[in-house]
Amino acid sequence: MILPKVIAYTDGACSGNPGPGGWGAWLQFDQHQKELWGGEPHSTNQRMELQAAIEVLKALNRPCAITIISDSKYLVQGMNEWIHGWKKAGWKRRGKQPISNLDQWQELDQLAAIHQATWQWIKGHAGHDGNERADELARRGVAELPVQS
C-alpha cells in the first residue's frame, strides 16, 4: 500500500522557561498546506517541541509516510535514538531515572506507530522557510493565550 507523503515542520516556543508556551506546525501534502498552532499558559520549551509533533500526528486522518522536521535535537534524538532504550527499560533512563515529559513521549510513540514516521533535525533560525514558518506559528500560539492575572 502506498501511503500519502506528508512533510511537517514543527517548533515550540516559551516566554520564559518555564512560562507561557506555544507550539506550531506547517504541514505539506501534495499541493495542500495546513497550519496548526496552540499554546499552554505554563509549559517549557521541550514540552512545546513535543506537543507540536503530537498535534501533527493527531491531525492526520489516515496512515501516512510523514517526515517531521524540527530544530529540536531533544525531539529528533528522542524519537530516533533514545525512545528505543527507554521502552526496553520500562520507560526509564539509565540508572532507572524517570524520563522527563513521559506522558508526551508515550503519546508520541503511540501516534507515530500508526504512521511511517521519520524524524529529521534542521538548524533553527537559519533562514529555512519551513522552520521559520513553524517558529512564527509557535510564537502565535503564545501570543494568542489569554492574559493571566
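## Basis

Residues are numbered from 1 along each chain as its sequence is written, and side-chain values use heavy atoms, with hydrogens and water left out. Because the model is predicted, local features need pLDDT of at least 70 and side-chain atom pairs count only at pLDDT 80 or more, whereas totals for chains, interfaces and linings use all residues.

## Residue S43

S43 lies in strand β3 (residues 32–43); strands are DSSP runs of E, at least two residues, and helices are runs of H or I, at least four, numbered from the N terminus. S43 counts as buried because its relative accessibility is 3% (buried means under 20% relative accessible area, with a 1.4 Å probe and protein chains only).

Leaving aside residues up to four places away in sequence, S43 touches C14, N17, P18, G19, G21 and M48 (contact means heavy atoms within 4.5 Å). The C-alpha atoms of S43 and P20 are 5.9 Å apart in space, although the two residues are 23 apart in sequence.

## Helices α2 and α3

The axes of helix α2 (residues 73–88) and helix α3 (residues 102–112) come within 11 Å and cross at roughly 90 degrees, the axes being lines fitted to C-alpha atoms over the stretch in contact, with angles from 0 to 180 degrees between N-to-C directions. Therefore α2 is roughly perpendicular to α3 (65 to 115 degrees).

In this contact, Y74, L75, G78, M79, I83, W86 and K87 of α2 meet W105, L108, D109 and A112 of α3.

Conventions. Buried < 20%, exposed > 50% of the residue type's maximum accessible area, 1.4 Å probe, protein only. Parallel < 35°, antiparallel > 145°, perpendicular 65-115°, else oblique.
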